[in-house]
Every structure is written in C-alpha cells, then in structure tokens.
Amino acid sequence: MASNGSKPKPFEGLRVTDLSWVGVGPTVAKYLADHGAEVIRVESATRMETLRRAGPFTDDEPHYDNSGYFANFNSSKLGVTINLKTAKGKELLKRLVAVSDVVTESFTPGSLKKLGLDYEELRKVRPDLVMISMPLFGQTGPWAHYMGYGHVLQAASGFNHLTGWPDGEPIGTGVAYTDFLVPHVGALALVAALDYRRRTGKGQYIDFSQFEGAVHALGTSILEWTANGREAERLGNRDPEAAPHGAYRCKDGRYVVIACFTEQEWEGFRAAIGRPDWTDLERMRRKWSRLNEQKEIDRHIDFWCRERTAAQAYKAMRDNGVPSGIVKSPEEMHRDPQLKHRGHYAVLEHPTMGARTYDSPAFRLSKTPGGPSKAAPLLGEDTERVLKGTLGMSDDEFTELLVEGVLE
Amino acid sequence: MTDRPDGVPLPHPDGPLSGYRVVDIADEKGQLCARLLAELGADVIKVEPRAGDRTRANGPFFRDEEGRESSLYWWAMNAGKRSVTCEMRLEAGRDLFHRLVAGADAVIETSAPGAAKDIGADPRALVKVNPEAVVVSITNFGQTGPARNLPATDIVGSAMGGHMYLNGSDERGPVRTTAPQAYAQVNLQAAVGAVIALYARGANGGLGQHVDVSMQESMANAMDNAQQTWDILQINNRGPGSGRMVSGREGPRYIYEAADGWVAALGLGGLVGPTSGAMIDWLDQTGEAGPLTAPHWRERLEVVQPLEEDEQELLVGIMEQFCRTRRKDDLVHEAQARGVGWAPVYSPREIVESDQLAARDYWVQVRHEDIGETFVYPGAPWKLSGTPWKQRGRAPHVGEHNAEVYGHTLGLDADEIAKLRRSMVI
C-alpha cells in the first residue's frame with residue numbers, strides 16, 4: 001500500500017516491546033507496527049521462534065531468515081535478540097521496557113514470572129505500561145498450562161463442530177483458524193486500552209484468553225443452546241435461511257458459490273439460469289417452501305454448472321444481482337483485480353527473501369493510513385541500532401554484552 | 001441515564017471507551033463490531049426504521065417463535081445497545097439522524113458504496129456532518145475497485161476471500177463454517193480499525209476520518225500461510241480440512257475419533273517431532289505402541305521429516321486405534337500432562353459446560369425482564385485490570401430508547417418528539 005509521507009501515522013511515537021511469538025501475539029503487534037508504532041520484536045537464537053523454523057522458505061531452503069510464515073506476521077518491526085535467561089539479559093529487557101509504552105507476550109502463563117519479568121515487575125520500571133498476555137486459555141484455570149496451536153484451539157472453541165457435512169466428521173476450517181481470528185479480538189482491547197491511556201495517562205494489564213475471545217465468533221450457537229436448548233450443527237454449505245445456498249462444481253473443476261436469501265435474489269437466480277420450468281413449480285415459489293427443496297435445487301444447479309466454466313456461471317449470477325462468487329485459490333487471490341486495486345498484498349523488499357507479498361489490514365484509514373511499511377526483520381537485525389540508539393548504550397557495554405552471550 | 005426503569009443497557013462508566021458515543025446503522029457486517037464497542041464502555045445507539053431493523057427477522061428465534069423481539073441473532077449481536085427509530089427516507093428523519101451523528105464519536109455503517117446517499121448516510125456526507133467522528137464503512141469488497149458494488153453474503157466472502165479453498169473434502173468440494181465467519185471476521189477487523197481511528201484523533205488534531213473496511217480482505221487475512229506459499233513456492237495450499245496442508249506440504253489427518261466424540265491432535269498427535277518420545281512411552285505403557293518402541297522408530301520420529309506413505313498409514317492407524325477406545329477429555333488431559341498439545345472437539349453445549357471457562361468465571365447471566373427469563377451469554381473476551389469489559393444486558397426493543405435518546409441525549413422537548421411521532425419519523 002502506498003503510504004503518504006505527509007500524513008501522520010496513528011501510533012507515531014509509541015514504542016512496543018514485542019515478546020510474543022508464533023501467530024497470535026505477533027499479529028496483534030503487527031497492527032501497531034503497520035500503523036506507525038516502533039515495534040521491537042525481541043527474540044533469542046537460544047529459543048528460536050517456531051515460525052522462523054517453518055516454511056514456506058524462499059528457494060525452498062530452510063533458514064531462519066527466509067520464512068514467509070514468520071515474515072508476514074512481522075512486517076514493519078525491528079528485530080532485537082536478547083537471551084532472557086541471563087541476568088544481564090533480564091536487566092536489559094527492563095531498560096527496554098522502561099522506554100516502551102506497550103509490552104505484548106504470548107508465553108505459557110507463569111513463564112515471565114519465573115524470569116522476574118511479569119507485569120508486576122515491569123510496571124515498576126514503567127508505571128503507565130499497557131501490557132497484554134495472550135496464551136491459548138488465559139492466565140488461570142485448569143487449562144492455563146495447556147499447550148497447542150490455532151489448529152487445535154479451533155476444535156476446543158467450536159469451529160470443528162460447526163464445519164463439515166452433517167453426515168461427516170468435524171473437519172474444521174483447513175487452517176489454524178483461531179490464529180487468524182483472535183488477534184483482532186486482542187488488538188481491539190489493546191488499542192482501546194491505549195486510547196484510554198492517551199486520555200488519562202493510565203496503563204493496565206490485559207489477561208487475554210484466545211479461547212474466550214474465539215467464542216464470540218460463534219454467531220448464535222451459544223444462545224441456541226442456552227436459550228433454546230438446541231445444539232447448532234454443521235450444515236455443509238447450506239444455510240437455514242437461504243435456498244439455494246451452496247458451492248457448486250463447474251466444468252473446469254472450479255467452484256462457484258450462490259446464495260439466495262431474498263425473493264429478489266431468487267428471481268435474479270431464475271433469470272440467470274433462463275427460468276427453467278422447475279423454478280416455476282408451486283413448491284419453488286416461496287422461500288419457506290424452497291427451504292425444504294434444497295436437495296432438488298442443488299441437483300438442478302449441479303447440472304447447470306457442469307455445462308459451464310466457473311467464470312461463465314459466476315458472470316450469469318453476477319449480471320443478475322445474485323450474491324455469488326468463485327472459490328478462489330491462493331494463486332487467484334494474488335491475481336484478483338479487486339485485491340490488486342485495493343493494494344491488499346503489499347510488496348516489500350527483504351534483505352534475503354527479496355520482494356515478497358505481505359497481508360495488509362482489511363481497512364483503509366483516510367487521514368492516517370497504515371499498512372506494512374518494511375519487510376520483517378532478520379534475526380537480531382536491529383540489536384545494535386536499538387541498544388545504542390534507543391537505549392544510548394556505550395560501545396564498550398554493547399561489546400561486553402555481545403561477548404558474554406547476552407545478545408544471542 | 002437514570003430514567004431507565006429496566007436499566008437496559010446497564011451503565012458502564014469504567015470501560016476504556018466509556019464516554020464515547022457510537023451510532024450504529026449496520027447490518028450483519030457491523031453489528032458485532034458495535035456491540036463490542038458497547039461492552040468496552042461506549043454508548044451505542046442502534047438506529048432502526050420504524051418497522052424495526054431488517055436483521056430482526058434473522059433466525060433462529062427464541063422457542064422458534066418468529067417475531068421482531070425474539071431473534072436470537074438480534075439478541076446476540078445487539079445486546080447492550082440503545083435503540084431509537086428514525087425514518088431516514090424522510091427529510092426530517094435525515095435531519096434527526098444527522099443530529100445523532102453530530103454528537104457521535106463513531107458511526108458504524110454497512111451500506112453499499114453510494115447506496116446511502118438518498119438516506120443521508122453517505123460516509124462522505126457524515127464526515128462533513130461531524131468532522132470529529134470516525135465513520136466506519138463496512139462493505140463486501142471495499143469502497144473502491146471493480147467489485148465494489150457486487151452483492152455478497154457470508155459464503156461469498158468466504159469464497160472470494162480465499163478461505164473456502166483451503167477447506168472441505170476431496171469428494172465434496174469446499175465448505176464454509178456454518179456459523180458465519182466472513183461476517184465475524186469483518187466485524188472484528190472493523191472494530192480494530194475503529195479504535196485505531198479513535199486513537200488517531202490524538203495524532204490528527206482531534207479529527208475523525210473514514211475507515212473503509214472490506215469483507216473480502218478480512219477473509220483474505222485468514223488464509224494461514226497460503227498467501228506466502230503461493231508467492232514463494234507457487235504452490236496452492238488446499239484442503240481437505242481434516243488434514244493440514246501448510247507451506248505447500250500435505251499433512252496427515254489431525255482429528256481422531258474418540259469413544260465419545262473427537263480430538264484434535266496436530267502432527268500425528270505429537271508422534272513426530274520433539275514430543276515423539278513421550279508419545280511412544282504413553283502408547284507403550286498401554287501396550288499399543290506396536291512396532292514404534294524399536295530404536296529405529298524412536299530415532300526416525302524424533303526429527304520432523306517427511307514420512308513415506310506406508311509409514312504415515314501405520315502411525316495414523318495406531319492413533320486411530322488408540323483414540324477410539326478412550327474418552328476425549330481423558331485423552332487430552334493425559335496428552336497435555338505429557339507435554340503434547342491436544343484439544344477436544346467441543347460443541348456449543350460442551351463449551352458452555354467447560355471446566356476451564358467455569359474456573360475463569362466466564363459466563364454472564366443476562367436478564368430478559370421483558371419475558372421473565374435469564375439466559376447465559378458469552379463473557380469477557382479479556383480481563384482488563386483497569387477498565388473492565390462488561391456485558392450491558394439484553395438487546396433493545398424497537399425504539400425502546402426513543403424518549404431518553406431524543407429527549408435527554410439530544411435535548412428535544414416533548415412537543416418536538418410528539419411532532420416527530422406524528423409525522424412518522426420515529
């Protein structure tokens with residue numbers, strides 16, 4: 001995304017010490033970095049970030065500076081390495097926090113306390129600190145120490161149960177879903193707390209449980225149980241309130257989706273397929289009765305789609321105002337004219353990975369625009385600059401820490 | 001707000017956004033966003049036509065009885081807001097709406113680009129009505145670009161946002177999550193955009209701005225690493241959802257059937273990688289490790305590396321056998337005790353009955369005094385030490401707060417309000 005140098009950035013002047021790792025925490029901090037905060041991602045080669053060891057790697061060559069998985073979550077950040085297991089490393093981190101406004105972390109609960117770096121300790125060096133902890137299940141409770149990734153948290157938080165066909169297994173979303181859901185929940189609280197601090201000068205601590213955030217994305221499922229005593233179930237591509245509603249395979253093997261909630265959309269759909277006789281049957285004329293005929297409707301659409309490419313089917317629907325689309329592959333997403341127009345995939349030059357694409361926020365701010373401004377940092381790329389520049393460390397002390405392994 | 005006999009919404013003076021006012025004219029793409037702002041302290045005013053908001057007709061309904069006050073969708077997405085009616089197609093209604101906007105810190109709207117001009121709610125017009133307000137526009141594809149005016153619903157967002165491609169099954173094709181996720185995603189990401197723009201008023205001389213949010217882009221951000229995998233390796237990650245294809249490599253299945261449901265156990269349940277020793281020991285203790293106790297298996301599995309197809313089949317078979325005879329909570333508890341990150345596949349009921357959420361005092365009892373019942377709602381997504389989250393009570397009835405909003409908040413006198421009623425504006 002093009003950034004306009006004359007426009008202010010929302011978080012200009014805000015400094016963040018980002019101790020988080022893997023998916024959720026770094027994505028929360030990415031929001032701040034992409035909108036102008038100076039985010040210092042603290043890592044250590046002695047406890048290598050999981051995603052630096054996970055592909056895709058450029059040239060398919062595994063190396064901790066070549067991971068696209070890591071890079072995407074860490075745009076616009078600086079990279080510093082500190083070994084927090086050393087006494088001097090802990091002191092150094094406190095010096096960094098003393099000049100930071102925000103600390104983000106996603107370790108297993110208790111890890112930072114063991115290091116003497118929990119909120120109670122850190123607020124002593126920075127009383128107005130805003131700190132967010134964001135492990136899977138929160139700081140307390142019998143599951144507080146449970147391990148896992150987004151791919152299994154989606155199971156605990158209901159997404160598997162609600163994804164798949166009624167007669168099939170709870171397949172889940174195909175991605176580590178909550179890793180791409182709960183960062184937005186976490187960022188909402190963090191930025192709200194920062195806005196409160198902007199107006200009152202008061203910092204605070206946020207105990208964020210990914211699990212508890214994810215439950216808010218289950219639509220009406222919780223109330224269906226607590227108020228109606230009925231369990232929401234996975235319905236394949238059906239929707240209880242639309243007919244037709246589904247994904248249909250076309251001649252070229254690609255799929256179109258079609259959704260008709262209103263009579264107007266149904267009329268558009270009829271026009272799109274040439275108003276065949278079956279659409280005029282009595283039982284097809286009203287939505288409430290169409291809802292009982294979904295099997296038959298789907299069979300007709302399957303036949304219709306089989307004779308057309310996805311592009312042809314989609315065009316017919318689109319031209320008649322039917323909510324519809326193509327199930328886009330990653331390749332098609334990169335070529336999508338709408339996303340291109342929006343500049344969704346920012347291209348940034350990385351020292352070892354070259355020009356690579358990064359996800360942008362789903363929103364554009366008209367007056368204080370954000371977006372990825374710099375490729376992800378190499379491991380420890382900015383250690384010297386931050387320690388000497390931001391902390392004013394002398395050459396001698398820096399060399400001493402380096403030699404002692406504090407900066408590994 | 002002391003003249004509210006039923007106390008709905010509950011006051012929330014201690015939230016991080018307390019003192020802000022938000023005007024909500026959003027549909028499915030923005031109502032959850034506005035609700036979360038209310039739970040963070042904002043006074044959220046839902047503006048509806050006199051007949052009630054269209055989404056009040058969204059099911060399911062309480063006890064399956066359709067009605068404009070019984071939609072569980074409405075309850076879930078609009079809890080804790082105030083409701084006023086305002087007929088924006090009338091000129092007097094537009095004037096009234098603009099008075100609400102003039103006193104707002106944020107407006108959440110979801111009209112198609114250009115479509116709200118005739119009701120006076122075009123985002124550009126609203127920015128002029130109140131330059132200090134943040135105007136959040138949530139649309140299918142964004143305000144600009146060739147697709148900006150195309151119709152879409154949740155499944156279209158999932159398809160055109162690249163998410164559905166990564167899911168489904170080889171035989172039956174792609175599948176969406178039945179609880180609408182394109183809607184959930186765009187609501188949550190819009191909420192982040194809203195608070196960033198509120199924060200930016202500090203850097204921008206107190207001025208608000210337009211926040212242009214795209215549902216397609218919100219789903220594109222949920223593609224795991226498929227975006228980068230295409231960019232770097234020119235490989236399309238894809239389904240099936242029961243496996244895990246990531247970084248261009250197909251993984252083995254990660255869900256296994258237990259005696260009473262399913263468990264999620266990534267990476268062959270930890271049989272491959274640093275936890276493989278612990279897993280083999282566990283299987284060995286119950287006599288179900290098969291050949292895996294042999295030193296060459298222990299060595300082979302300790303390092304994450306591609307497995308031959310027959311090796312994978314053997315391991316999946318062992319896992320399937322092992323899980324099938326045990327309860328899912330027992331499996332997960334024991335796996336976690338051994339340092340392996342499994343989780344149970346929970347249904348909504350099991351989530352409500354979860355020990356973890358009970359121990360965290362998660363659930364909230366929400367009183368519906370109008371029907372004499374109390375229901376359990378999801379609780380705090382975060383525990384903020386200084387400015388707590390708060391559930392603000394049930395969703396409002398149509399126009400429930402007309403008198404207090406138009407009278408107290410806007411300061412109209414009784415005659416003016418009576419006139420608005422007579423002319424069918426409210």
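Predicted model: local features only at pLDDT ≥ 70, side-chain atom pairs only at ≥ 80, totals over all residues.
## Where the two chains meet

Let's start with the interface. On one side, 128 residues of chain A are in contact, and they meet 127 residues of chain B. Helix α7(A) supplies the largest share of chain A's side, with twelve residues. Sorted by class, the chain A side that touches chain B holds 64 nonpolar, 43 polar and 21 charged residues.

Strands also link the chains. Strand β6 (residues 204-208) of chain A runs antiparallel to strand β14 (residues 382-384) of chain B, and three bridges join them.

## Helix α7(A) and its two neighbours

By class, the contact of α7(A) with α6(B) has 13 nonpolar, two polar and two charged residues.

Within chain A, helix α7 (residues 182-200) also packs with helix α1 (residues 24-34), here at an angle of about 50° with the axes 9 Å apart. These two helices are therefore oblique to each other, and their crossing is right-handed. The contact is made by A:Val24, A:Thr27, A:Val28 and A:Tyr31 of α1(A), together with A:Val182, A:Pro183, A:Gly186, A:Ala187 and A:Leu190 of α7(A). Seven residues of this contact are nonpolar, two are polar and none is charged.

## Domains and a sheet in chain B

The domain assignment divides chain B into domain 1 (21-222 + 363-422) and domain 2 (254-351). Taken over C-alpha atoms, the centres of these domains are separated by 44 Å.

Chain B also has an open sheet of three strands, in the order β9-β10-β11, with antiparallel pairing. Strands β9 (255-258) and β11 (343-344) of chain B stand at the edges with a single partner each, so one side of each has no neighbour in the sheet. Two bridges join strand β10 (residues 261-264) of chain B to β11(B), and B:Ala264 stands opposite B:Ala343 in β11(B).

Two helices accompany these strands. Helix α12 (residues 309-324) of chain B lies across β9 and β10, running at about 35° to β9(B). Helix α13 (residues 328-337) of chain B packs on the sheet and touches β9, β10 and β11, and its direction makes about 20° with that of β10(B).

## Backbone details to look for

Most residues other than glycine have a negative phi, and most peptide bonds are trans. Here are some spots that depart from that pattern. A cis peptide bond joins A:Ala243 and A:Pro244, with omega about 0°; A:Pro244 sits in the loop between α9 (221-226) and β7 (245-249) of chain A. Another cis peptide bond joins B:Gly59 and B:Pro60, with omega about -5°, and B:Pro60 is in the loop between β2 (43-48) and α2 (72-78) of chain B.

B:Asp224 is not a glycine, yet has a positive phi of about 55°. This residue lies in the loop between α7 (215-220) and α8 (226-233) of chain B.

Terms used: Residues numbered from 1 in each chain as written. Chains lettered and ligands numbered in written order. Axes fitted to C-alpha atoms, helices over the stretch in contact; angles between N-to-C directions. Helix = DSSP H or I, 4+ residues; strand = E, 2+ residues; numbered from the N terminus. Parallel < 35°, antiparallel > 145°, perpendicular 65-115°, else oblique. Left-handed = near helix turned anticlockwise from the far one by under 90°. Contact = placed C-beta atoms within 7 Å. Nonpolar A, V, L, I, M, F, W, Y, C, P; charged D, E, K, R; others polar. Domains from an automatic or database assignment. Pairing = 2+ DSSP bridges.
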